[in-house]
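Open the model in your viewer and keep the selection tool at hand. We will go stop by stop.

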Amino acid sequence: MAAHSRRGALIVVEGLDRAGKSSQCESLRDKLQELGHSVKYIRFPDRTTPIGKLIDDYLRGQSQLDDHSIHLLFSANRWEIARSIEEDIAAGITVIVDRYSYSGAVYSAAKSNPTLSLEWAWMPEIGLPQPDLCLFLSIAPGEAAKRGGFGAERYENETMQSRVRELFQTIFRVQQSGNIQVLDAGRAFPDVSIDIEKSAVDCIARLDSIGPLKRFASIAV
Ligand code: Z5A
Ligand code: MG
């Protein structure tokens, strides 16, 4: 593929359940397109691939898998798409990603399995493209519950969500290189969107000084 004069940005949106990630990603895609950028929106897990189908069965409680096995499948699901992300970025397309390696590490580590630490959980992420910007949509549990409460999928319970919340803070403390910005997602939708757009536009404008796309390194917790 021919190298584009200017690369696209890798923008990740993370957060707890019901923080508004998917709706905000769609809104950001539309806004950036209106501004004339080439944009793609992808989400993890990508349930459409063969690996993604195994993940979907697991999340819906249709199959049982060892904690490490499902963890590695979530990571494999990112690795199988990593090359196309890099190609799009090299071709000048900005890629917006709904959940990424941070979710991957914290949801698995939140299971408190003695052989599945946060550090272990991060290892298969090493070498994946590192975001130029990661927006963490922060929301209080009570506020999230007002948006529909928990669904029927695995992990959608209070114990799991509160562990996940703490682990997100830990991973952002030890893995700061992905330009992480925390936004209050408990506000009205348009107020959150404005902040997201501002951060994304600013990141795209700074790409020349950011330099080439980087890759995730190891963490020490
Ligand atoms: N998981 C994992 O274990 N390992 C991994 O590597 C990865 C994921 C990648 C499924 O993820 C599970 O997989 C997830 C983590 C785990 N488990 N949990 N929990 P998913 O991303 O497929 O889950 P989802 O169901 O699409 O996302 P979500 O987190 O539940 O929702 P969201 O995308 O953050 O929110 P939304 O769908 O945009 O909005 C929710 C509702 O709130 C909707 O009705 C909106 O209209 C409303 N909303 C949004 N913003 C607002 C504001 N500001 N005010 C009021 N209402 C709002
Ligand atoms: Mg979503």
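**Stop 1: helix α4**

Select α4 (101–109). Its buried residues pack against β1, α3, α5, β5, α7 and β6 (180–184). Buried means under 20% relative accessible area, exposed over 50%, partly exposed in between (1.4 Å probe, protein chains only). Helices (H or I, at least four residues) and strands (E, at least two) are DSSP runs, numbered from the N terminus. How many residues of α4 are buried? Nine of its nine. They are Ser-101, Tyr-102, Ser-103, Gly-104, Ala-105, Val-106, Tyr-107, Ser-108 and Ala-109.

A note before moving on: this is a predicted model, in which local features need pLDDT of at least 70 and side-chain atom pairs count only at pLDDT 80 or more, while totals for chains, interfaces and linings use all residues. Residues are numbered from 1 along each chain as its sequence is written, chains are lettered from A and ligands numbered from 1 in the order in which they are written, and side-chain values use heavy atoms, with hydrogens and water left out.

**Stop 2: the largest nonpolar core**

Select Tyr-100, Tyr-102, Val-106, Val-164, Phe-168 and Ile-171. Of the 39 residues in the largest nonpolar core, these touch the most other members. Such a core is a set of buried Ala, Val, Leu, Ile, Met, Phe, Trp, Tyr and Cys residues joined through side-chain atoms within 4.5 Å. Now colour the elements that give it two or more residues: β1 (10–15), α2 (50–59), α3 (67–90), β3 (94–98), α4 (101–109), α5 (118–122), β5 (133–138) and α7 (158–174). Which element gives the most? It is α3, with seven residues.

Go back to Tyr-100 and show its contacts (heavy atoms within 4.5 Å). Leaving aside neighbours within four places in sequence, Tyr-100 is in contact with Leu-10, Val-12, Glu-14, Phe-44, Arg-78, Leu-128, Pro-129, Pro-131 and Phe-216.

**Stop 3: Val-13**

Select Val-13 in strand β1. Val-13 is buried, at 1% relative accessibility. Not counting residues up to four places away in sequence, Val-13 touches Lys-21, Cys-25, Val-97, Asp-98, Arg-99, Leu-135 and Leu-137. Draw a distance to Leu-137: the two C-alpha atoms are separated by 7.3 Å, yet the residues are 124 apart along the chain.

**Stop 4: α1 and α8**

Show helix α1 (residues 21–34) with helix α8 (residues 189–205). Their axes come within 10 Å and cross at roughly 55 degrees. Axes are lines fitted to C-alpha atoms, for helices over the stretch in contact, and angles run from 0 to 180 degrees between N-to-C directions. The two helices are therefore oblique to each other. Angles under 35 degrees count as roughly parallel, over 145 as roughly antiparallel, 65 to 115 as roughly perpendicular and the rest as oblique.

For the contact, select Ser-23, Gln-24, Ser-27, Leu-28, Lys-31 and Leu-32 in α1.

**Stop 5: α2 and α3**

Move to α2 and α3. Their axes come within 9 Å and cross at roughly 140 degrees. That makes α2 oblique to α3. On the α2 side, pick Ile-51, Gly-52, Leu-54, Ile-55, Tyr-58 and Leu-59. They meet Asp-67, Ile-70, Leu-73, Phe-74, Ala-76, Asn-77 and Glu-80 of α3.

Stay in helix α2 for Asp-57. Asp-57 is partly exposed, at 30% relative accessibility. Leaving aside neighbours within four places in sequence, Asp-57 is in contact with Gln-62 and Ser-63.

**Stop 6**

Most residues other than glycine have a negative phi, and most peptide bonds are trans. Three places to check follow.

- Phe-44 and Pro-45 are joined by a cis peptide bond, with omega about 0 degrees. Pro-45 is in the loop between β2 (39–43) and α2.
- Ser-112 has a positive phi of about 55 degrees. Ser-112 lies in the loop between α4 and α5 and is partly exposed, with a relative accessible area of 47%.
- Tyr-155 has a positive phi near 80 degrees. Look for Tyr-155 in the loop between α6 (141–145) and α7. Is Tyr-155 buried or exposed? Buried, with a relative accessible area of 11%.
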